[in-house]
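Here is a friendly walk through one protein model. Please keep the sequence and the 3D view open as you read.

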Amino acid sequence: MRASSTTGIDRDDLFIGVVLDRQPVGALAGCQVFRITKTAFFSLTSDEYDDYDYDRLIALNANISPNSNSQSNSAGGLDSPIIADLPPAAANAAIAVQNMFKLASNKTSAALKEFKDQQQQQRGDTYEDDYDPEFVASSGGRDRDRPEKHPCSSIMKLFNSGSFYYSNDYDLTSRCAVFKNRDLFDDADQTFFWNYNMLSPFLEMRTNELSSSERISLDRSAMLTIAIQGFVGVSPISNPQQSPLKLSIISRLSCRNAGTRFNARGIDDDGFVSNYVETEVLVESRSYLASFVMMRGSVPIFWEQTGIQLQHRIELGRGFEASALAFRKHFDVCLFLRIAENDPLNVTFCFPPYQTIQKRYGKIHIVNLLGGKEGGAEAILSNEYQKHFQQYVTQVGVKENVYYTSFDYHFYVKSGGHEKANLVLDHIQSHLNSWSYTLMDRAAAAAESSVLLTQQGVLRINCLDCLDRTNHVEYIAAKMMVDRILREMQLGSLLTSDAYLDATQNLWADNGDWLSKIYTGTGALKTSLTRRGKQTIMGLIDDAAKSVNRLYVNNVLDKYRTTVEHDLMARKAEFVTYEDVTIVIGTWNVNGKGFFGEPLETWLQSRSLDQPANLVLIGIQELIELNAQQIVQVGGDTEKLKTAWDSHLLRVLNDRNSGFGNGGLYVPLRSSSLLSLGLFGYVRRDCVEKVRYVELANCKTGLGGIAANKGGIGLSLQYQDSTMVFVTAHLAAGESNVEDRNRDYQTISEGLNFKRRVLKDHDFIFWFGDFNYRVSLPNTEARAFLDRGDIGPLRSHDQLSIEMARGLAFDKFTEAPIHFPPTYKYDNGTTLYDTSEKARCPSWTDRVLFKGESVRCLEYTHSEDVFDEDFYGLCPSEQSVNV
């Protein structure tokens, strides 16, 4: 893997990941499966991390003493057990490679030791000597006074978590129903292939540069490993009077839209949902292998649930129309419910081409376990799910292929206990009976006739987190199907045996525990699952692999990297096209007066555009009056007010552009409120497919970051291949509080962080709102200039322009020339500047600023048709973006 710039090390550093320790899980179809318990990442370009204390990392991750004796066998020498475990050809190759570099290692070891000692003295590195386990334990698992020593420590902790599995002979990424004539590496399902990006250069070399015999030798050497995350459990069932029987579970967690709870919810723009797990139950006898597959995954719409909450407060991430495309992608592309070669959704970015022309699961029965209590958070999410489902089956015409059942799990078990959950079978049993399971003849495993029966459809089960409720219902469905399989294998006598019941219950309990640990990030698991294995697979390839790869990187890759980059830039025009995107941005301080009776149509228009803009972003300040009574009255919750504004603005936009047909109709993109601050985003209907990765973030600045009366809201998105962020803000008030406003700007800039990138990393950045920067002139003098129609002296005393020139706020941002009178402060309902006792100096408090190449402002003006408090009008801007 190549270390990214966020690790704080050179972008050109390369690391190789190695499995140091493993635990045998059992055999599937005669192939051994292992759980990864210890990994290490070695630099291929530097020896700086060669002496890293990997045992310390494992100890901290597992909460054990780093000085305790390990029970693992190291595999470094020629007599290592790992050599004996390898096939003869692979063992000979490994010995040859090791011997090849032994002489060079001996010659250079002294020089390397001297070099490392010099480096350590120069750095003053006493890391190993002053390590204090008690201090680390008391400080929550790491020495917070020291930075993490190894740049790959985070990924090592991930792979050392005990939730990753591999097999050198069994394709854990794929269901056994698709095993026929498949290559372990070429045909692996990338959805569940967690280390695919790390191995992709080697896989390309394997496919394109090696002969068949060389490929076989490489595969047998076990140097390339396919890792899945999730759970694999194998449980032999005692059956003394009949043939051996084995019950297994494989739960494959998707590596797309992955993340822990509160960080990964709902769907992404490619149609992948969070916590998507394909669970396969295997029943294996001496003659047959039976498979039953189900899946779980988050509700496939855009929704969020952030922070630690006693109640499930859920926020829908996008409007209905803006979510519809991702919903369709989920079922059409990601689940392969219907795919035609000429279908516009036949996108190869999801899977290799061989998969995009076949059905993945066939028919699907959705089982939604969310609560249905009216007004409840789960009911809101469930209703939105059902609305999308109904539209999908109507528009796409798949009523005979996809089915929907709403089963309020908590409602049934609340009064009747968990046994009542079995009532779900009333809704799904007919499909389970007709869709059956997959059955393979092990004696004819290599022949076409090996598949005797094929499962025709799957259950797609979800609750809120897709954990406890989902696991229980999957257990119920799987138990019914496995019972059927055993009866049809003439093994029905086992159904009442303790061995079978114990194996089934323990496997499903362990499956639920591990999937919960992965998604929730908790470590509360049964002690029976904390065992560690003794076998290892690394050892002999350590020094050899590093030496070979360092030689290759230094003498081959570096030489070609500059040439490739130069050639790509020279041919940029062949691969990159540009599209002009128009954006209308408006900001308005309404002084808590609302929109009633205001002619917003004249505000939300542009005299310079001949067709509606692609995007419209609107910032509203002071949705409520900023006084103690109003703040207490709303209790910090302005959701209803935000919804009313959102609906009204959308209606005005669509009424205004009704003459443009479908191309002029807008749909909600995303809206958010922070007490009195609101941000509203809309996208033209024909541009919905171009907008991806929409995220929100907010930052409070009032009372030192405690109160939300001041602050900012950011909306991040990707339009085609260009990233944009729109920030609306309300900064500190008061004519003399310039430093406070500068500080608010800095706080918001650093505090608005999105999942995919920080604020400054976007291609285009737009700020708009009531920034409250004033004109530093006496009120009477400023008004005298305005009476003569001369705004020049006011502009030269504009606080924001001065602070920008000094680099103290909005450094390197651009503002279009101002040719309109100050927008602050009017008497309510008039165009008269402030006549109150305060007699505030007219100023341009409401502004729009931007940063990014190829942004061209078409119009920058204000409107005097809307009178409430501060008002700032319209700033459409046209910009070119990569598509």
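The notes below go from the overall fold to a core, a helix and some backbone details.

This is a predicted model, in which local features need pLDDT of at least 70, side-chain atom pairs count only at pLDDT 80 or more, and totals for chains, interfaces and linings use all residues. Numbering starts from 1 along each chain as its sequence is written, and side-chain values use heavy atoms, with hydrogens and water left out.

**Overall fold.** The protein has 22 helices and 25 strands; these are DSSP runs, helices being H or I of at least four residues and strands E of at least two, numbered from the N terminus. Of its 883 residues, 54% are buried, where buried means under 20% relative accessible area, exposed over 50%, and partly exposed in between (1.4 Å probe, protein chains only). Among contacts (heavy atoms within 4.5 Å) between residues at least 6 apart in sequence, 71% join residues at least 24 apart.

**Cores.** A nonpolar core is a set of buried Ala, Val, Leu, Ile, Met, Phe, Trp, Tyr and Cys residues joined through side-chain atoms within 4.5 Å. The largest one holds 59 residues, and Leu28 and Val283 have the most contacts inside it. Helix α12 (residues 468–488) supplies the largest share of this core, 10 residues. A second, separate core of 46 residues includes Leu794, Ala816, Ile818 and Cys841. Leu28 itself touches residues beyond four places away in sequence, among them Tyr170, Val232, Ile250 and Glu284.

**Helix α19.** Residues 738–751 form this helix of 14 residues, which reaches 20 Å from its first C-alpha to its last, close to the 20 Å expected at 1.5 Å a residue (the expected span is 1.5 Å times one less than the number of residues). Its buried residues include Val738, Tyr745 and Ile748. Seen down the axis, the buried residues of α19 fall within an arc of 155°, so they line one face of the helix; the arc is that of the directions from the helix axis to the C-beta atoms. Glu739 and Glu750 are exposed on the other side of α19.

**Backbone details.** Most residues other than glycine have a negative phi, and most peptide bonds are trans. A cis peptide bond joins Tyr824 and Lys825, with omega about 0°. Lys825 sits in the loop between α22 (799–806) and β23 (846–851).

Asn591 is in the loop between β15 (578–589) and α16 (600–603), while Ala839 lies in the loop between α22 and β23.
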